[in-house]
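Work through the exercises below with the sequence and the 3D view open. Try each task before reading its solution.

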Amino acid sequence: MNGRFLTDIQRNAHNAAILARWSRLALPQGWLVAGCLFQTVWNLRVGASPEADIHDYDLFYFDPANTTEADEQAVQRHVEAVLGDLGVRVEASNQARVHLWYESYFGQPYAPLNSAKDGIDRFLVLATCMGVRPGEVYAPYGLELLYAGVLTPNPLVPHRALFERKVASYRARWPWLTVQAG
């Protein structure tokens, strides 16, 4: 299934371009993650353009030695220098500093992470826990839920209200998705 997934997500020209320039990004423990991946798959399922309604492209990395906001902004400027000509918003997030801002932004506590993969493991919806980099897929809960369109809460992040807001947003765009209580 990983091969199918890599083929599908690269039908989105922006995903393909980001992955083609991956070595120039030089992100420690870097991954292209989340919405730009699963939304591409769901867009293809309904016959929409692979890029339809994708608002941003997220990059996770892990750099525990550089956890200030200024450090992350410097990485963001580098990402923009490498990918700015794509005409899409690409956001880089240092997973070593998420615990510093998560609660004030989302209203829920968030334990420190030990790797970029830990951040992927904690997406609110199991079917969306995924990352890619050239030739590699990280999907800790598999890809079956993604392709089946089953939205299940992640037990690692028991924030029900946040889960329900995400699900409502997804189902507004892809009504065929189903919700499975966790």
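A charge sits over a ring if NZ of Lys or CZ of Arg is within 6 Å of the ring centre and within 35 degrees of the ring normal. Keep in mind that this is a predicted model.

**Exercise 1. Charges over rings**

Task: Find the rings that the charged ends of Arg45 and Arg122 sit over.

Solution: 
- Step 1. Start at Arg45. Its charged end lies over the ring of Trp176, 3.8 Å from the centre.
- Step 2. Go to Arg122. Here the ring belongs to Tyr110, and the distance to its centre is 5.0 Å.
- Step 3. Ring pairs join Tyr110 into a cluster with Trp101, Tyr102, Tyr105 and Phe106.
- Step 4. The structure has twelve aromatic pairs.

**Exercise 2. The two sides of a helix**

Task: Work out which residues of α5 are buried and which on the other side are exposed.

Solution: 
- Step 1. Locate the helix. α5 covers residues 69-83, 15 residues in total. Its end-to-end C-alpha reach is 21 Å, close to the 21 Å expected at 1.5 Å a residue.
- Step 2. List the buried residues: Glu72, Val75, Gln76, Val79, Val82 and Leu83.
- Step 3. Recall the geometry. An α-helix has 3.6 residues a turn, so residues three or four places apart point the same way.
- Step 4. Turn to the other side. Arg77 and Ala81 are exposed there.
- Step 5. Find the packing partners. The buried residues of α5 pack against α2, α3, β2 and β3.

**Exercise 3. Leu100**

Task: Decide whether Leu100 is buried or exposed.

Solution: 
- Step 1. Locate Leu100 in helix α6, residues 98-106.
- Step 2. Apply the cut-off: exposed means over 50% relative accessible area.
- Step 3. Leu100 has 52% relative accessibility, so Leu100 counts as exposed.

Note on methods. Residues numbered from 1 in each chain as written. Predicted model: local features only at pLDDT ≥ 70, side-chain atom pairs only at ≥ 80, totals over all residues. Heavy atoms only, no water. Phe/Tyr/Trp six-rings, centres within 6.5 Å; stacked < 30°, edge-to-face > 60°. Helix = DSSP H or I, 4+ residues; strand = E, 2+ residues; numbered from the N terminus. Expected span 1.5 Å × (residues − 1). Buried < 20%, exposed > 50% of the residue type's maximum accessible area, 1.4 Å probe, protein only. Contact = heavy atoms within 4.5 Å.
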